[in-house]
Amino acid sequence: MSGLRHIEMERLQEWLGEVREGETTAALMLAVAYDKGIGTGELASWYDRSPEAVEETIASLDSPEYVAEIARLEGVDVETVAEESGLTVDSVEAWFAGLSDRPVPEAATVIRGYAEDGVKPLLTGEPSTVYHLDHGAMTEHGWSLDDPDLFEKAAEADLDLPEYGRFLVEPGESILEAAERDGRSWPYACRGGACSNCAVVVVDGDVAMPGQSVLSDELTREANARLSCVGVPVTAEVRLVSGVDELDEFADLRLPSPASDSGDAGSASD
Ligand code: FES
């Protein structure tokens, strides 16, 4: 068998002009030659590799996630980016894989940025749309966070603000900042990733949390909890349930709201 199944060859060849490192170039050249019908045994002798290594390289590029593989070959430290972003490695790899929808030079520029400065968290350069449903409204309707069609139900139920709505998050803005800019007054206390007052649960899409220091792995990975004051969307759309700070899971991390002292914003839960 020869020929790649998943990648457009023109796109793969375009990457050759954009990559920095020798290893990526060699991998792309292997894939291109393989697509032209050269066998893995012959390629192994050309590039002084074992046939198994050649097959492995081709398989890693012949996948819908091939841009994530190019990022790794270019030297992006996916594990560190995940740690800095408060995301799982899988989420970060999915984010890099999603660059395949962008023009190659643009995607390559993003990858180069992370390869040269691997400690920075994921940040998108595009606005994201956040759909939100209030936790109280969700339970009143008898719905749960596990409902696969939770947001379809909310849309059909004709709910309105403050229970349900959407707003745009600009690049560099946190979800809480964008919610407030658009007229919501969600709960908060520290505004710096150190309590649970501004917690939300992400149902669809993903949100990075650079600088958060309090949520456990269990809360972030299993419950998909995020802190909206430091949370930045890394997908074009995010669906989240707000007002979850009253749940038992977050009780130990809650701080007194600023409204308790001043009577000002910080306690509302829309
Ligand atoms: S308000 Fe404290 S972590 Fe967001």
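Trainee: Why is aspartate 48 called exposed?

Mentor: Aspartate 48 has 7 other C-beta atoms within 10 Å. The model is predicted: local features need pLDDT of at least 70, side-chain atom pairs count only at pLDDT 80 or more, and totals for chains, interfaces and linings use all residues. Residues are numbered from 1 along each chain as its sequence is written.

Trainee: What makes the phi of aspartate 48 worth a remark, and where is the residue found?

Mentor: Its phi is positive, about 55°, although aspartate 48 is not a glycine. Most residues other than glycine have a negative phi, and most peptide bonds are trans. Aspartate 48 is found in the loop between α3 (40-46) and α4. Helices are DSSP runs of H or I with at least four residues, strands are runs of E with at least two, and numbering starts from the N terminus.

Trainee: Which peptide bond is cis, and how do you know that?

Mentor: The bond joining leucine 161 and proline 162 has an omega of about 0° and is cis. Proline 162 lies in the loop between α10 (150-156) and β2 (164-169).

Trainee: Why is α2 called roughly perpendicular to α4?

Mentor: Two packed helices are described by the angle between their axes and the distance between the axes. The axes of α2 (residues 22-35) and α4 (residues 51-61) come within 9 Å and cross at roughly 90°. Those axes are lines fitted to C-alpha atoms, for helices over the stretch in contact, and angles run from 0 to 180 degrees between N-to-C directions. Angles under 35 degrees count as roughly parallel, over 145 as roughly antiparallel, 65 to 115 as roughly perpendicular and the rest as oblique. That makes α2 roughly perpendicular to α4.

Trainee: Which residues of α2 and α4 meet, and how do they divide?

Mentor: From α2 come Ala27, Leu30, Ala31 and Tyr34, which meet Val54, Thr57, Ile58 and Leu61 in α4. Contact requires C-beta atoms, placed from the backbone, that lie within 7 Å. The residues of this contact divide into 7 nonpolar, 1 polar and no charged. Here Ala, Val, Leu, Ile, Met, Phe, Trp, Tyr, Cys and Pro count as nonpolar, Asp, Glu, Lys and Arg as charged, and the others, Gly among them, as polar.

Trainee: What makes α5 mostly covered?

Mentor: Of the 8 residues in α5, 7 are buried. They are Tyr66, Val67, Ala68, Glu69, Ile70, Ala71 and Leu73. Their cover includes α1 (9-16), α2, α4, α7 and α8. Just after α5, glycine 75 takes a positive phi of about 105°.

Trainee: How do you know that the buried residues of α7 line one face?

Mentor: In α7 (residues 89-97) the buried residues are Val92, Glu93, Trp95 and Phe96. Seen down the helix axis, they fall within an arc of 155°, so they line one face of α7. The arc is that of the directions from the helix axis to the C-beta atoms. These residues pack against α5 (66-73) and α6 (78-85).

Trainee: Why is valine 203 called partly exposed, and what does it touch?

Mentor: Valine 203, in strand β3 (residues 199-204), has 19 C-beta neighbours inside 10 Å and so counts as partly exposed. Not counting residues up to four places away in sequence, valine 203 touches Leu145, Leu150, Phe151, Arg239, Leu240 and Val241.

Trainee: What are the two domains, and how do they touch?

Mentor: The domain assignment, whose bounds come from an automatic or database source, gives domain 1 (9-116) and domain 2 (128-262). Their C-alpha centres lie 35 Å apart. The contact takes 7 residues from domain 1 and 8 residues from domain 2. On the side of domain 1, α6 and α7 are the elements that give two or more residues. That side divides into 2 nonpolar, 4 polar and 1 charged.

Key. Buried ≥ 20, exposed ≤ 12 C-beta atoms within 10 Å, placed from the backbone.
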